[in-house]
Amino acid sequence: MRKMRVTEESTWKELTPAGIIIDAGNAEDFKTGDWRTMRPVWHEDKCKQCLFCFYVCPDSSIKIENGKMVGVDYDHCKGCGVCTEVCPFKAFDFVEEQK
Amino acid sequence: MAYNIKELAARPERFTGGHRMCAGCGAPVAVRAILRALKPEDRAVVGVATGCLEVSSCIYPYTAWKDSFIHSAFENAAATIAGAEAAYRVLKKKGKVQGEFKFIAFGGDGGTYDIGLQSLSGAMERGHNMVYVCYDNGAYMNTGIQRSSATPLYADTTTSPQGKVLPGKMQWRKDLTEIMVAHGIPYVAQTAFITPNLKDLIEKAEKALYTDGPAFLNVLAPCPRGWRYETSKLIEISKLAVDTCFWPLYEVVNGQYRLTYKPKEKLPVVEFLKTQGRFRHLFKKGNEHLIEQIQQEVDRRWERLLELCGEK
Amino acid sequence: MAIRDRLSGNEAIAYAMRQINPDVVAAFPITPSTEVPQYFSQFVANGEVDTEFIAVESEHSAMSACIGASAAGARTMTATSSQGLALMWEMLYIAASMRLPIVMAVINRALSGPINIHNDHSDSMGARDSGWIQIYCENNQEAYDSLIQAIRIAEHKDVRLPVMVCYDGFITSHAVENIELLEDEVVRNFIGEYNPEYYLLNEQNPISMGPLDLPPYYFEHKRQQAEAMRNAKKVVLEVADEFAKISGRKYGLFETYKLDDAEVAIVVMNSTAGTAKAVVDEYRSKGYKVGLLKPRLFRPFPVEEIVNALKHLKAIAVMDKTDSFNAAGGPLFTEVTSALYGRADGIKVINYIYGLGGRDVKTDDIAKIYDRLLDIVKTGNVGEVYNYIGVRE
Amino acid sequence: MGKMIEIRWHGRGGQGAKTASLLLAEAAFNTGKYVQGFPEYGPERMGAPITAYNRISDERITIHSNIYEPDYVVVVDETLIGSVDVTKGLKKDGAIIVNTSKSPEEIKKLLGNFDGKVYTIDARKISMECLGKYFPNVPVLGAVIKVTGIIPENEAIKDMEESLKHKFATKPDVIEGNLKAFVRGMQEVQG
């Protein structure tokens with residue numbers, strides 16, 4: 001539940017003062033997944049849970065649950081491919097994005 | 001802290017997706033790792049100098065920061081965070097603030113080596129309990145790849161372009177880490193992404209954050225756009241910078257130098273240079289001597305560092 | 001009980017700062033404001049205040065640190081002059097746009113170049129559109145009283161803007177004069193606790209400040225800022241009323257002196273207004289209907305109120321202690337004439353640039369201006385609008 | 001408006017003319033007056049001629065210009081006579097007080113065509129005898145108070161004693177020496 005309700009229709013009286021953002025981390029609501037031209041595809045069967053992909057991801061897009069890699073957050077992943085390069089177990093394919 | 005990849009991964013994510021840094025950018029990797037070194041119960045106030053990181057991570061009405069964040073201008077991230085840290089000291093004393101806060105300022109090399117150097121120097125000299133992190137990508141990337149004093153010799157940038165008579169930037173890069181060492185602050189370190197678990201970076205960040213007094217981290221943060229390489233090669237390129245000794249990893253704790261990584265085999269600098277478009281002109285026939293000059297300077301600095309670290 | 005004392009302007013300001021006991025002060029030395037952080041750091045050294053004093057390495061960092069401290073939730077103050085204010089320029093706008101209630105004493109001094117350490121108003125007048133509230137003070141008493149009021153004005157929920165309290169370098173800052181001081185506890189009760197709504201050190205609600213603000217939102221944030229400035233006028237008067245109750249000294253948006261039945265008047269700010277009062281007395285004793293208006297609040301500019309006070313006059317001289325280099329008149333002149341336009345047309349208004357770089361302003365200089373105004377009324381002939389006084393022609 | 005007295009001080013940087021003007025302001029303030037004490041700021045350096053001013057009145061003073069037609073001029077360093085026009089603008093019925101071992105007549109000759117009253121005070125002699133060091137301020141201040149009559153002498157002495165006690169609480173000999181110098185300044189001014 002966000003505290004701020006700001007859209008491009010909001011009047012000056014409705015915006016937070018001075019551009020203060022009171023919902024810490026609400027950039028999650030902004031989807032950067034559509035920037036992708038390449039897509040990392042994770043294969044759970046090959047994954048050994050080394051979590052290297054998690055640390056090197058610039059977009060916080062490796063999903064972790066209970067300390068385990070569970071998939072890619074395609075809402076935010078920009079398809080840089082760093083995860084696919086660092087994986088020692090070749091658990092990722094890096095494929096062209098199908099639009 | 002014993003480095004534990006599982007325990008660290010279980011810590012809360014303090015820098016969310018949905019920020020608008022370029023795909024494959026090194027800066028958010030550094031930010032995530034440094035914030036991960038915070039104890040989960042501790043809070044942070046983060047200040048960022050104007051630059052790529054700031055204009056991409058906090059665009060009204062969105063912020064990627066889960067901790068309190070402030071940006072005011074380009075050249076003053078250190079002074080701004082110093083003010084916040086001073087406020088914390090007094091408000092804590094007065095009982096108006098509970099809990100532990102850590103103070104971190106991030107700046108690119110432009111905001112740190114160049115326009116922000118005075119502010120940084122002042123804040124470090126005054127002994128604020130804060131960590132200043134430079135994410136060094138070797139040019140003013142936010143405005144479109146202009147040379148900074150961190151830009152390597154002969155790199156091609158938009159204000160040090162290689163042309164018919166000039167082979168790119170004509171000066172060697174400033175050694176900011178050494179300048180920070182000269183401040184006599186308790187902790188200074190230079191680091192990079194040499195392993196995919198970012199152990200060197202996270203351990204140094206933890207030391208910096210939990211050192212009493214000012215600390216400085218210089219993190220090599222490759223920029224695929226400015227350096228001209230494939231976005232996926234982030235870790236490979238970082239590793240080459242370190243293994244060629246172009247960007248040695250070391251720390252200086254209360255004035256004591258320590259080499260934190262020594263390449264098993266010191267690679268020729270050409271191995272680093274050839275991966276990036278900004279150095280492509282050096283590989284034209286007749287430019288061999290330029291690469292040789294770079295090699296000589298890398299060697300000279302590496303030898304000096306080995307001496308300082310007691311490795312010779 | 002008021003405390004009768006004699007202090008220089010800078011001593012009075014430092015005394016007020018001690019009573020205010022701000023959380024953070026970040027400052028850098030520059031003549032003639034240097035004494036303020038100097039006296040204040042002695043209070044810190046003696047444990048008379050709880051303040052974290054940051055002796056920064058430049059005025060740019062002074063204002064940057066003030067911004068960081070104020071954003072963090074601290075009551076924050078500083079002081080500067082001239083080049084120091086100029087070096088803060090970039091951060092002045094940012095402090096205002098971030099809506100941070102920083103209070104700063106500006107000890108007016110000429111801007112370089114050539115370098116000059118003496119008084120004029122080119123420093124703060126240059127910053128007049130930075131979004132700071134500006135209060136101008138005639139003497140040490142007004143500077144002291146206004147600094148205390150500035151805390152309340154800046155922090156008011158309808159305002160939340162930084163405030164500059166301006167007074168004349170050397171003339172006011174270094175001259176010892178009589179002053180009535182308030183007791184520490186009276187000041188403490190008057191300013192109250194500072195409890196910001198949004199601040200960085202709120203462990204329950206972390207916030208982000210200073211975002212990239214693109215075309216869909218920037219304009220709305222500026223509109224908010226403009227509204228705060230509009231609200232400031234009302235708040236300045238409310239705070240002045242409350243201050244009168246504790247001090248017996250009543251402040252307004254401006255002060256008038258023998259203006260009600262005057263035919264001609266001078267509009268002038270700060271210490272020169274005091275000198276002009278002596279000339280008004282002299283001319284009144286000779287039967288001339290002369291008066292004076294001394295603006296106190298310059299930002300926001302109290303347009304309607306000033307027009308109401310001036311509209312019965314036949315001729316006005318506005319004195320500016322800075323030149324705008326617009327080849328047409330100084331900033332106070334421009335404000336006054338634009339206020340009169342369409343509201344009180346037909347009044348003859350002339351401008352005098354005076355006192356640049358500490359050129360002393362004598363009673364004789366002011367007498368010449370009143371003579372000219374009386375002559376304009378007699379002949380109906382305005383002559384040159386944009387004039388200088390005290391310069392060798 | 002009650003009578004306002006305007007005084008101009010001439011001295012050299014580091015000699016304490018500015019301090020003397022502030023001491024006079026303080027003494028007048030302590031006896032209930034409205035005061036101004038301010039130096040004319042320049043590149044103030046040791047040895048350079050400096051000017052300081054006082055206005056003293058029974059009513060609040062609003063004028064903030066320098067003083068051009070003083071009622072009194074005080075010269076703390078007689079070597080300034082000749083290089084600085086010390087009597088400039090000095091009112092005809094006013095007076096000049098000079099710190100010197102010379103007589104008023106001798107000083108009058110040095111001042112050229114000044115017709116007003118000339119007073120002298122040998123502050124060096126008094127200071128050396130009372131304090132063992134050359135601090136001209138206190139005896140000069142005594143002379144100025146005597147000549148100007150701004151403050152009744154008894155009140156001035158009482159006030160000086162109190163402020164010395166306050167300032168030098170732990171040094172009774174300093175209090176005594178200064179007070180003696182002050183009173184002798186009043187007594188020994190000539191003219």
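Select chain D and colour by burial: of its 191 residues, 54% count as buried, where buried means under 20% relative accessible area, exposed over 50% and partly exposed in between, with a 1.4 Å probe and protein chains only. The model is predicted, so local features need pLDDT of at least 70 and side-chain atom pairs count only at pLDDT 80 or more, while totals for chains, interfaces and linings use all residues. Residues are numbered from 1 along each chain as its sequence is written, chains are lettered from A and ligands numbered from 1 in the order in which they are written, and side-chain values use heavy atoms, with hydrogens and water left out.

**Chain D as a whole**

Switch to a cartoon view. Chain D has six helices and six strands, and their order along the sequence is β-α-β-β-β-β-α-β-α-α-α-α. Its radius of gyration is 16 Å, close to the 16 Å from the globule rule for 191 residues, so chain D is as compact as a globular protein of that length. The radius is taken over C-alpha atoms, and the rule is 2.2 Å times the number of residues to the power 0.38. Helices (H or I, at least four residues) and strands (E, at least two) are DSSP runs, numbered from the N terminus.

Show the C-alpha trace next: along the principal axes, the C-alpha atoms of chain D fill a box of roughly 45 × 40 × 35 Å. Of the contacts (heavy atoms within 4.5 Å) in chain D between residues at least 6 apart in sequence, 62% join residues at least 24 apart.

**C:Tyr370**

Move to chain C and select C:Tyr370, in helix H12 (residues 363-379). C:Tyr370 is buried, its relative accessible area being 0%. A polar atom of its side chain lies 2.7 Å from the backbone oxygen of C:Gly291. Leaving out residues up to four places away in sequence, C:Tyr370 touches C:Gly291 and others, including C:Val264, C:Val279, C:Tyr283 and C:Leu292. For a distance check, pick C:Thr272: its C-alpha atom is 14 Å from that of C:Tyr370, and the two residues are 98 apart along the chain.

**C:Asn108**

Last, select C:Asn108 in strand E5 (residues 103-108) of chain C. C:Asn108 is also buried, with a relative accessible area of 0%. Its side chain makes a polar contact of 2.8 Å with the side chain of C:Ser124; a polar contact is a pair of N or O atoms within 3.5 Å, where within protein one must be able to donate a hydrogen and the other to accept it, and residues adjacent in sequence count only if both atoms are side-chain atoms. Residues up to four places away aside, C:Asn108 touches C:Ser124, C:His121, C:Tyr136, C:Cys166 and C:Asn270, among others.
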